[in-house]
Amino acid sequence: MSWFIRFNKPFDVLPQFTDRANAGAPRSTLSDFIDLPGVYPAGRLDRDSEGLMLLTDEGRLQAQISDPKHKMVKTYWVQVEGKPDVAALKALRDGVELKDGLTRPAKVRKIDEPPMLWPRTPPIRERKTVPDSWIELTLREGKNRQVRRMTAAVGLPTLRLIRYRIGDWTLDDLAPGQWGSLQMPELKVAPQRKRDRRPRR
């Protein structure tokens with residue numbers, strides 16, 4: 001039987017099954033929540049981020065989801081410090097210049113605090129003199145810590161980051177630390193190379 005699951009990763013959990021870098025004082029990992037032999041994450045989610053991860057024991061599916069060339073849509077709920085204005089939202093939509101290049105155009109909109117939101121442990125830092133807001137950001141690429149760098153570049157530091165969607169799969173009805181099995185999707189078949197029809201000599 002092949003496994004394909006979704007998992008709601010809590011804050012401060014490493015997106016891997018072992019913590020080899022800190023053996024003396026191991027940190028929380030996926031193995032604290034998922035006891036399925038042979039499954040591995042299809043893509044990463046930073047330790048200080050929360051939300052949807054997909055895992056499978058099917059190597060081709062793992063590659064299909066995580067490979068940037070497939071440009072699978074990912075949607076994030078982002079709590080930012082400050083109030084997004086028209087200029088900041090336009091910059092996020094059009095592309096932001098980061099140290100490793102210009103980001104692709106993104107979809108972004110202001111949202112209310114998501115109704116299904118759970119408390120974070122520990123809570124975010126709050127500054128009484130600075131308001132905070134929520135935006136929904138949808139990307140088709142995955143640069144390192146991209147969402148945090150994008151919002152910082154437009155003057156809206158990220159306070160909390162939750163991945164809500166990957167492709168057709170969402171966090172709906174999944175509490176933090178819970179996982180659920182999914183129907184195995186149809187795998188894309190790589191196109192075959194055309195044979196060289198030139199006559200041999």
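Figure 1. Arg148 is found in helix H3. Helices (H or I, at least four residues) and strands (E, at least two) are DSSP runs, numbered from the N terminus. The relative accessible area of Arg148 is 14%, so the residue is buried. Buried means under 20% relative accessible area, exposed over 50%, and partly exposed in between (1.4 Å probe, protein chains only). Residues are numbered from 1 along each chain as its sequence is written, and side-chain values use heavy atoms, with hydrogens and water left out. Because the model is predicted, local features need pLDDT of at least 70 and side-chain atom pairs count only at pLDDT 80 or more, while totals for chains, interfaces and linings use all residues.

**Figure 2. Buried residues of helix H3 and their cover.** Helix H3 spans residues 146–153, and its buried residues are Gln146, Val147, Arg148, Met150 and Thr151. The cover over these buried residues includes helix H2 (86–94) and the strands S4 (74–81), S5 (97–98), S8 (132–139) and S9 (158–166). Just after H3, Gly155 has a positive phi of about 80°.

**Figure 3. Salt-bridge network that includes Arg148.** Asp46, Asp48, Arg145 and Arg148 are linked in a network of salt bridges. A salt bridge is a side-chain nitrogen of Lys or Arg within 4 Å of a carboxyl oxygen of Asp or Glu. A search of the whole structure finds 12 salt bridges.

**Figure 4. Salt bridge between Asp12 and Arg47.** The two side chains meet in a salt bridge, with an N to O distance of 2.7 Å. The pair links distant parts of the chain, 35 residues apart: Asp12 is in the loop between strand S1 (4–9) and strand S2 (40–41), and Arg47 is in the loop between S2 and strand S3 (50–56). Asp12 is partly exposed, with a relative accessible area of 35%. Arg47 is also partly exposed, at 31%.

**Figure 5. Salt bridge between Asp19 and Arg27.** The closest N and O atoms of Asp19 and Arg27 are 2.8 Å apart, and the two residues form a salt bridge. Asp19 is buried, with a relative accessible area of 9%, whereas Arg27 counts as partly exposed at 27%.

Figure 6. Lys90 forms a salt bridge with Asp94, and their closest N and O atoms are 2.5 Å apart. The two residues are separated by about one helical turn because they are 4 residues apart in helix H2. Lys90 is partly exposed, with a relative accessible area of 49%. Asp94 counts as partly exposed at 42% relative accessibility.

**Figure 7. Surroundings of Asp172.** Asp172 is in the loop between strand S10 (169–170) and strand S11 (179–181). Its relative accessible area is 32%, so Asp172 is partly exposed. Leaving aside residues up to four places away in sequence, Asp172 touches Arg6, Met116 and Tyr164. Met116 is 56 residues from Asp172 in sequence, and their C-alpha atoms are 8.4 Å apart in space.

**Figure 8. Patch of negative charge on the surface.** Asp112, Glu113, Glu126 and Asp132 gather in this patch. Patches are made of residues with over 30% relative accessible area and no salt bridge; like charges are joined within 9 Å, and nonpolar side chains (Val, Leu, Ile, Met, Phe, Trp, Tyr) within 5 Å. The place of a charge is taken as NZ of Lys, CZ of Arg, CG of Asp or CD of Glu. Asp132 is in strand S8 and is partly exposed, with a relative accessible area of 33%.

**Figure 9. The chain that holds these sites.** The secondary structure comes to 3 helices and 11 strands, in the order β-β-β-α-β-α-β-β-β-β-α-β-β-β from the N terminus on. Of the 201 residues, 45% count as buried. The C-alpha atoms fill a box of roughly 80 × 40 × 35 Å, taken along the principal axes. Among contacts with a separation of 6 or more, residues 24 or more positions apart account for 74%.

Conventions. Contact means heavy atoms within 4.5 Å. Accessible areas come from the Shrake-Rupley method with a 1.4 Å probe; for residues, only the protein chains shown count as cover. Lys and Arg count as positive and Asp and Glu as negative; His and the chain ends are not counted.
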